[in-house]
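Visitor: Hello! I am new to reading protein structures. Could you walk me through one, feature by feature?

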Amino acid sequence: MDGVDGLRHLAGPMSGRRATGVRLVEDLRRIVSQPGGAVLVLTSAAAREAAGYRLEVALRDAGAAGAAALVLTAPVEVGRGAAALAERAGIALLAAEGDLAELVVALDRAIAGDAADALVRADKAVRGVLGAGGVPARMAEAAGAALGVEVGADFSAPERDDHLGRATRIVLRLAELAAAAGPAEEPPARSRAQVLTELLIAPEKQAQELAPRARTLGLPVDGWHVVLRVEGPEPYALLDTVAARAGRVVRDLVGPEWSVAMADGALIVVRTTPRDQGRAGLRAAAADAALLLERVPPAGARLRCGVSTAHQGLLGLRTSASEARTALRRSPAALATYDLAGLDRMLEEWYSSDAAQQAVRELLQPILEQKRAGLLLDILRAYLDHHGSPAKAAEEVRMHRNAVSRNIRRIETLLQADLDDPQQRLALQLACRAARI
């Protein structure tokens with residue numbers, strides 16, 4: 001059962017009886033009738049029922065049945081009596097969180113040692129080895145954690161003649177070859193940062209062409225990304241130091257994969273998970289951002305961090321980077337999170353594509369060529385947002401209403417547009433909002 005993600009050891013020996021299968025138990029009374037060697041996974045209802053003395057009864061029954069382990073899927077306090085009983089009975093008492101079906105499947109694969117499980121572990125191990133910056137100790141640690149086996153600093157591992165054993169030998173051979181390259185393997189850490197920067201700032205087509213190289217370097221471009229954008233008052237004088245500190249901080253954080261780069265005058269920290277973690281994931285990302293702001297600034301430095309929502313894949317990464325920047329622009333707070341709701345989120349996703357940016361530029365080009373293009377765009381946006389009211393637009397942009405009216409007439413002439421036409425008005429309103437993003 002080594003290496004099954006999400007399992008925590010609570011009590012009892014981890015090297016007791018050999019596990020031969022998995023059984024889902026909904027009724028504690030049925031524990032005693034389960035087959036020997038089974039890993040008994042209690043449903044959340046059964047686990048909650050196994051509180052106090054009932055946990056000790058369940059462990060006694062599991063011992064009588066010859067079970068290998070008992071897995072609790074709901075929080076249960078384990079007293080000294082239960083811990084001692086698990087030790088005497090030779091039963092590993094474990095805890096797990098998350099999806100019950102995924103847990104049972106993962107346990108079944110791990111016990112059977114099947115090819116699918118070995119391939120999943122090997123894929124994760126290879127990415128860990130390639131992402132270890134050429135440091136042998138980190139390579140061995142990453143490979144061991146992903147494979148669920150003990151890996152020595154010399155890339156040795158216990159011999160086993162099954163699918164996982166064969167996967168382990170392949171991964172460790174790769175690690176040996178990577179380590180044998182010596183100092184030449186250190187630059188890929190910088191190369192990953194450089195490729196990440198290019199993925200964020202290059203035109204969309206060029207970024208897509210870079211994706212295979214990014215995968216080779218161990219960048220998890222296909223996962224779900226949340227971007228943490230860190231800015232300071234003196235970007236380039238400060239961010240080199242901040243980037244080095246951020247790299248050390250995120251290496252200690254358990255769970256997501258991390259990538260760090262500098263782009264557009266800011267430190268970009270990418271938090272990547274294999275699947276969308278929903279609101280809980282966004283809360284965790286905000287907590288990680290707070291930790292960065294606490295640990296990475298040099299003495300006296302004031303930094304701000306914008307946090308995006310989660311998006312998948314390469315284009316999702318670029319969208320997340322745009323959201324993190326927008327979050328900082330719209331909030332003066334030291335830690336700013338992107339709003340999950342509203343039109344702007346849809347615009348962020350739309351405007352992250354080159355085709356959308358080109359369409360907006362073509363529509364607004366006559367204004368963008370003017371000396372005070374920013375002011376004209378603000379006036380047009382405010383006028384459209386307030387349903388064509390010069391008075392309300394004037395309040396927002398802090399101008400006299402007559403000045404707003406004159407500028408609107410000028411804008412209509414420049415764009416050769418009819419702002420009374422609903423379709424033209426909507427197109428310009430969306431373009432102004434997207435340009436502001």
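Predicted model: local features only at pLDDT ≥ 70, side-chain atom pairs only at ≥ 80, totals over all residues.

**Cavities and a core**

Visitor: Which residues line the second largest cavity?

Guide: A lining is the set of residues with an atom within 4 Å of a point in the cavity. Here the lining consists of Leu-196, Leu-219, Pro-220, Val-221, His-225, Ser-259, Val-270, Thr-272 and Leu-317. Sorted by class, 6 of these are nonpolar and 3 are polar, with no charged residues.

Visitor: How many cavities of 30 Å³ or more does a search of the whole structure find?

Guide: The search finds 2. Around it sit Trp-224, Val-226, Arg-271, Thr-273, Arg-275, Asp-276, Gln-277, Gly-278, Gly-281, Leu-282 and Ala-310.

Visitor: Which elements give two or more residues to the lining of the largest cavity?

Guide: Those are strand S6 (224–231), strand S8 (266–273) and helix H11 (278–295). H11 gives the most, with 3 residues. As for class, this lining has 4 nonpolar, 4 polar and 3 charged residues.

Visitor: Now for the packed parts. Which residues touch the most other members of the largest nonpolar core?

Guide: A nonpolar core is made of buried residues joined through side-chain atoms within 4.5 Å. In this structure the largest one has 25 residues, and Ile-31, Leu-40, Leu-42, Leu-55, Leu-59, Leu-70 and Leu-93 touch the most other members. Two or more residues come from each of strand S3 (38–42), helix H1 (44–49), helix H2 (53–65), strand S4 (69–72) and helix H3 (80–89).

Visitor: Let us zoom in on one member. What does Ile-31 touch, not counting residues up to four places away in sequence?

Guide: Leaving those neighbours out, Ile-31 touches Val-25, Leu-40, Leu-42, Ala-58, Asp-61, Ala-62, Ala-65 and Leu-70. Leu-40, Leu-42 and Leu-70 are also among the core residues that touch the most other members.

Visitor: And stepping back, how many helices and strands does the protein chain have?

Guide: There are 18 helices and 11 strands. Of the 437 residues in the chain, 46% count as buried. Among contacts with a separation of 6 or more, 65% are between residues 24 or more positions apart.

Technical notes
Residues numbered from 1 in each chain as written. Heavy atoms only, no water. Helix = DSSP H or I, 4+ residues; strand = E, 2+ residues; numbered from the N terminus. Buried < 20%, exposed > 50% of the residue type's maximum accessible area, 1.4 Å probe, protein only. Contact = heavy atoms within 4.5 Å. 1 Å grid on protein atoms, 1.4 Å probe; cavity = no way out; pocket = protein on both sides within 12 Å on 5 of 7 lines; lining within 4 Å. Points joined across faces, edges and corners; volume = space filled by probe spheres on them. Nonpolar A, V, L, I, M, F, W, Y, C, P; charged D, E, K, R; others polar.
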